[in-house]
Amino acid sequence: MTHYIFKEGKANLAPVLLLHGTGGDEHQLVTLAELIAPGHPILSIRGRISEGGMNRYFRLKAPGFRQENFDLVSLAIESDWLAEEIKRLSEKHQLDSHHFIAIGYSNGANMTLNMALNGKFSFSKMIAFHPMQIAKIEQADVVKTDFFLTNDPADPIVPRVWFDALVADIKQAGCQPEIFKSSYGHQLTEDEVNAAKNWLNQ
């Protein structure tokens with residue numbers, strides 16, 4: 001069974017997809033989304049992987065958020081599952097699946113970015129809080145997505161080199177991401193949420 005939340009919004013506004021961080025759930029980002037995109041329909045889906053009692057979107061091969069520990073087989077399987085669930089739930093709730101605004105944090109941001117860059121799902125806009133490159137993308141698909149990324153160069157979980165590698169992948173896909181520099185490690189801050197709202201309203 002898929003755990004998710006759907007909140008109705010104005011029919012003329014693009015739906016918002018929410019993907020939580022490690023240990024979060026479908027409730028984690030709802031209030032944040034209401035601040036960034038008030039009035040928009042919201043679809044928030046919980047990752048179906050549980051490791052150590054913590055919800056995630058794909059498995060780790062070993063403890064620690066390092067590239068060598070990411071299970072890329074699990075990532076591919078869960079990306080396919082999530083793409084199908086987004087389509088199924090969009091049809092169920094009469095959402096326009098071609099114009100989703102994705103908002104993800106950490107593990108959820110990594111998942112949406114991987115889906116977009118590997119052609120698993122197309123988003124019109126993407127707000128990714130504290131993402132990183134999961135694996136080198138040799139040939140990113142050309143995507144028509146506007147990207148807003150946040151990062152603290154001193155983030156203890158996301159090394160600067162892996163964030164820069166992600167930005168390079170996005171540019172390789174033909175996009176020029178907007179980047180907001182945070183200064184509170186891996187934490188979400190009011191400043192970056194406000195910056196994301198202003199970017200979306202441009």
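Helices (H or I, at least four residues) and strands (E, at least two) are taken here as DSSP runs, numbered from the N terminus. By that count the chain has five helices and nine strands, and along the sequence they follow the pattern β-β-α-β-β-β-α-β-α-β-β-α-β-α. Residues are numbered from 1 along each chain as its sequence is written, and side-chain values use heavy atoms, with hydrogens and water left out. Please keep in mind that this is a predicted model: local features need pLDDT of at least 70, side-chain atom pairs count only at pLDDT 80 or more, and totals for chains, interfaces and linings use all residues.

Let us start with the overall form. The C-alpha atoms fill a box of roughly 40 × 35 × 30 Å along the principal axes. A compact globule of 202 residues would have a radius of gyration near 17 Å, and the 15 Å of the chain agrees with this; the radius is taken over C-alpha atoms, and the globule rule is 2.2 Å times the number of residues to the power 0.38. Of the contacts with a separation of 6 or more, 68% join residues 24 or more positions apart, where contact means heavy atoms within 4.5 Å. Buried residues make up 52% of the 202 residues, buried being under 20% relative accessible area (1.4 Å probe, protein chains only).

Now step inside. A nonpolar core is a set of buried Ala, Val, Leu, Ile, Met, Phe, Trp, Tyr and Cys residues joined through side-chain atoms within 4.5 Å. The largest one has 41 residues, and Leu82 and Phe123 touch the most other members. Strand 2 (16-19), strand 3 (42-45), helix 2 (72-92), helix 3, strand 7 (125-129), strand 8 and helix 4 each supply at least two residues of this core. Beyond its neighbours within four places in sequence, Phe123 is in contact with Leu17, Phe100, Ala102, Thr112, Met115, Ala116, Lys144 and Thr145. A second, separate core of 21 residues includes Leu18, Ile36, Ile101 and Ala195.

Helix 4 deserves a visit of its own. In this helix, Trp162, Phe163, Leu166, Val167, Asp169 and Ile170 are buried. They lie on the same side of helix 4 because they cover an arc of only 155° around the axis, judged by the directions from the helix axis to the C-beta atoms. Their cover includes helix 3 (107-117), strand 8 (146-151) and strand 9 (178-181). Just after helix 4, Gly174 takes a positive phi of about 95°.

How values were computed:
Buried means under 20% relative accessible area, exposed over 50%, partly exposed in between (1.4 Å probe, protein chains only).
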